[in-house]
Amino acid sequence: MATKRYIKRHSLQTRVTHGIVVFSCIWLMISGLFVFVPALAAWNPGLAQGMRISHRVVGCIFILAPIVSAIAAPGGFKEFLAKYFTKWTKEDVEFVLKFVPYMLGPKRVHMPDQDEVKSGQRVADGMLILGGILMAISGVVLWLGTSVFNADAGTLQVMRFIHDLFFLLLVIFVVAHIYLGAGVFQPYRGTIKLMFGKGEVAESDALYHWGFWARKEIEDGKNVVVREEK
């Protein structure tokens with residue numbers, strides 16, 4: 001038996017919230033096609049009606065899950081904001097500039113150390129968060145504006161444009177997020193376990209991907225887990 005060191009990166013609450021949002025987002029994309037593409041709705045009206053209902057129900061889950069999580073753990077939410085809204089360092093800028101060459105040839109490009117949230121991740125996740133918020137607002141207005149109250153045609157047209165625009169942007173960033181987060185790209189192999197596993201990262205991987213953060217955690221020792229493995 002050999003021992004291997006891990007660093008606890010994500011709490012159970014974070015992983016559950018992330019899972020709910022991810023699966024909600026995927027279902028909203030699928031069901032949204034039946035809501036906003038007339039040809040699909042005409043192809044199977046019964047299925048389209050079911051998709052329309054599920055789109056609204058899952059949309060509520062998509063909106064409420066992060067809100068409930070933030071209320072349940074305000075300290076964690078504050079830490080989350082601090083990780084994303086922070087001053088960039090020279091390493092952050094260097095990371096973004098090198099990212100595309102790194103994707104094309106990871107063995108030839110040396111990336112700078114990063115903190116718990118990489119600069120590129122702040123940009124990509126920021127777009128996902130912004131897109132999700134605007135999708136949620138526009139979706140609620142479209143839903144309530146055609147059922148609870150009569151919104152004017154101009155408002156509905158603007159909301160539909162916002163909903164469609166950020167749907168396309170979210171598809172792009174969600175695919176990129178899955179590509180990296182699911183470990184399809186070799187240097188990130190195994191990172192899917194961070195959110196859909198125990199929330200732990202091997203110490204060696206942590207030092208490679210998040211050098212500044214990993215060294216702080218190792219020095220502190222509070223989140224370091226030592227496990228015996230075959």
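Ala, Val, Leu, Ile, Met, Phe, Trp, Tyr, Cys and Pro count as nonpolar here, Asp, Glu, Lys and Arg as charged, and the others, Gly among them, as polar. This is a predicted model, so local features need pLDDT of at least 70 and side-chain atom pairs count only at pLDDT 80 or more, while totals for chains, interfaces and linings use all residues. Residues are numbered from 1 along each chain as its sequence is written, and side-chain values use heavy atoms, with hydrogens and water left out.

**The cavity**
- There is one cavity of 30 Å³ or more, a cavity being a set of points on a 1 Å grid over the protein atoms alone where a 1.4 Å probe fits but cannot get out.
- The largest cavity holds about 50 Å³ of space, counted as the space filled by probe spheres set on the points.
- Its lining (residues with an atom within 4 Å of a point) is made up of Phe 95, Tyr 102, Met 111, Pro 112, Lys 118, Tyr 208 and His 209.
- Sorted by type, that lining has five nonpolar residues, one polar and one charged.

**Where α4 meets α6**
- Phe 80, Lys 83 and Tyr 84 in α4 touch Gln 121, Arg 122, Asp 125 and Ile 129 in α6, with contact meaning heavy atoms within 4.5 Å.
- That contact splits into three nonpolar, one polar and three charged residues.

**Aromatic pairs**
- The model has eight aromatic pairs, meaning rings of Phe, Tyr and Trp (its six-membered ring) with centres within 6.5 Å.
- One of them, Phe 23 with Phe 196, sits 6.1 Å centre to centre with 70° between the planes, which is edge-to-face (over 60 degrees).

Conventions: On a 1 Å grid over the protein atoms alone, a cavity is a set of points where a 1.4 Å probe fits but cannot get out, and a pocket is an open set with protein on both sides within 12 Å along at least five of seven lines; lining residues have an atom within 4 Å of a point. Helices (H or I, at least four residues) and strands (E, at least two) are DSSP runs, numbered from the N terminus. Rings of Phe, Tyr and Trp (its six-membered ring) pair if their centres lie within 6.5 Å; planes under 30 degrees apart count as stacked, over 60 as edge-to-face and the rest as tilted.
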